Amino acid sequence: MKIGILTSGGDCPGLNAVIRGVVLNGIKQYGHEFVGFLDGWRGVVEGDVIDLPRASVRGISKQGGTILGTSRTNPCDDGGGPEAIKGHMRRLGIDAMIAIGGEGTLAAAKRLTEAGLRIVGVPKTIDNDLDATDYTFGFDTAVQIATEAIDRLRTTGESHHRCMVAEVMGRHTGWIALHAGMASGAHAILIPERKVSMDQVTEWVTDAHKRGRAPLVVVAEGFMPEGAEAAHSHRGLDAFGRPRLGGIADLLAPEIEARTGLETRATVLGHIQRGGVPTAYDRVLATRLGMAAADAAHAGAWGTMVALRGTDIVRTGFADALGKLKTVPEGRYEESAVLFG
Ligand code: F6P
């Protein structure tokens, strides 16, 4: 079989390890041939591919990003559609696809599979919020990077007797904030799943300060304080007359400073969390998922994606990954909150 691989949506440390796992297993065990679609679904709807011989994946599992490039193109909405894609596949002699991506990618893969295309999925997000899999590769790396950065914020905060607010990624869920916050000994962790009032944040910050600590607040980008839902629409305009684009940390820091009288600084870690080399854990998980995806394609298990359950890699339907966010359970937040303040 000739199989096309694509990486789609936001990039994620470990994507190259998945590609290598697919290609090496697929060539060595089954003798399949591989090509890569460039820039995610864009390469699929435009028929833009490169060959992926064994030599092309040599040593890439430690590289950040994706050697195939990525985009947020949707194959169903942004041109193409199933019939155009089938045409490209026929013209290029490609029999099947392995789509590595998050919820949007897997939703598109499901629609295309229903239209007769042969696709196996590999779930991906640094946010770790896909319900169908216990952990997503990239999450461990993001937590590691965030923890290292927050440790650095702590020493500068302590030197200046400041409160430091660190914003990490997590639009819908607070997994990175919870883990990096716990690892770095944060005095408050704020996540989208849990409404917390500014009074409570103030209390935690003040308690830490009273004990002679430089208060450290770790906040997920999707958090909004209780009663401040509209805050994002009141950010005002920047120097160029455009809506101000600060993160939630930029909103929280002045509020904390006003309420506590403590000099407070905000840092938004942003895409640093997605770049660079994956941790060993993520490389292993990503490689195993890639190898399992090649097994699934060889078995003709179209419409399935591979997932981690416990320590096993299993196959599950695309539908299992869709519409259900894996949020931080109440108990996990309560557990970390014992240490706040
Ligand atoms: O979904 C992963 C994620 O990293 C989110 O946590 C974050 O909000 C988003 O991607 C950022 O995406 P972009 O690269 O489009 O700015």
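Predicted model: local features only at pLDDT ≥ 70, side-chain atom pairs only at ≥ 80, totals over all residues.
Local features were required to have pLDDT of at least 70 and side-chain atom pairs counted only at pLDDT 80 or more, while totals for chains, interfaces and linings use all residues. Residues are numbered from 1 along each chain as its sequence is written.

The domain assignment divides the chain into domain 1 (2-137 + 278-322) and domain 2 (139-275); such bounds come from an automatic or database domain assignment. The centres of domain 1 and domain 2, taken over C-alpha atoms, are separated by 34 Å. To the contact between them, domain 1 contributes 15 residues and domain 2 contributes 14 residues, two residues being in contact if their C-beta atoms, placed from the backbone, lie within 7 Å. On the side of domain 1 that touches domain 2, six residues are nonpolar, five polar and four charged. In this classification Ala, Val, Leu, Ile, Met, Phe, Trp, Tyr, Cys and Pro count as nonpolar, Asp, Glu, Lys and Arg as charged, and the others, Gly among them, as polar.

The ligand is surrounded by Gly10, Thr125, Ile126, Asp127, Met169, Gly170, Arg171, Glu221 and Arg274, where a residue is near a molecule if its C-beta atom, placed from the backbone, lies within 6 Å of it. This shell comprises two nonpolar, three polar and four charged residues. Both domain 1 and domain 2 give residues to the shell, so the ligand lies between them.

Axes are lines fitted to C-alpha atoms over the stretch in contact, and angles run from 0 to 180 degrees between N-to-C directions. Helix H1 (residues 15-30) packs on helix H9 (residues 280-298) at an angle of about 45°, with the axes 7 Å apart. H1 and H9 are therefore oblique to each other (under 35 degrees counts as roughly parallel, over 145 as roughly antiparallel, 65 to 115 as roughly perpendicular and the rest as oblique). Their crossing is right-handed, the term for a near helix turned clockwise from the far one by less than a right angle. Residues in the contact include Ala17, Val18 and Tyr30 of H1 and Ala286, Leu289 and His298 of H9. By class, the contact of H1 with H9 has ten nonpolar, six polar and four charged residues.

The axes of helix H5 (residues 139-160) and helix H6 (residues 175-183) come within 9 Å and cross at roughly 45°, so H5 and H6 are likewise oblique to each other. H5 passes H6 in a right-handed crossing. Phe139, Ala142, Val143, Ala146, Thr147 and Ile150 of H5 meet Trp175, Ile176, His179, Ala180 and Ala183 of H6. Nine of these contact residues are nonpolar, two are polar and none is charged.

For helix H7 (residues 198-210) and helix H8 (residues 248-260), the axes come within 10 Å and cross at roughly 65°. H7 and H8 are therefore roughly perpendicular to each other, and H7 passes H8 in a right-handed crossing. The contact is formed by Met198, Val201, Thr202, Val205, Thr206 and His209 of H7 with Glu255, Ile256, Arg259 and Thr260 of H8. The contact of H7 with H8 contains four nonpolar, four polar and two charged residues.

Terms used: Helix = DSSP H or I, 4+ residues; strand = E, 2+ residues; numbered from the N terminus.
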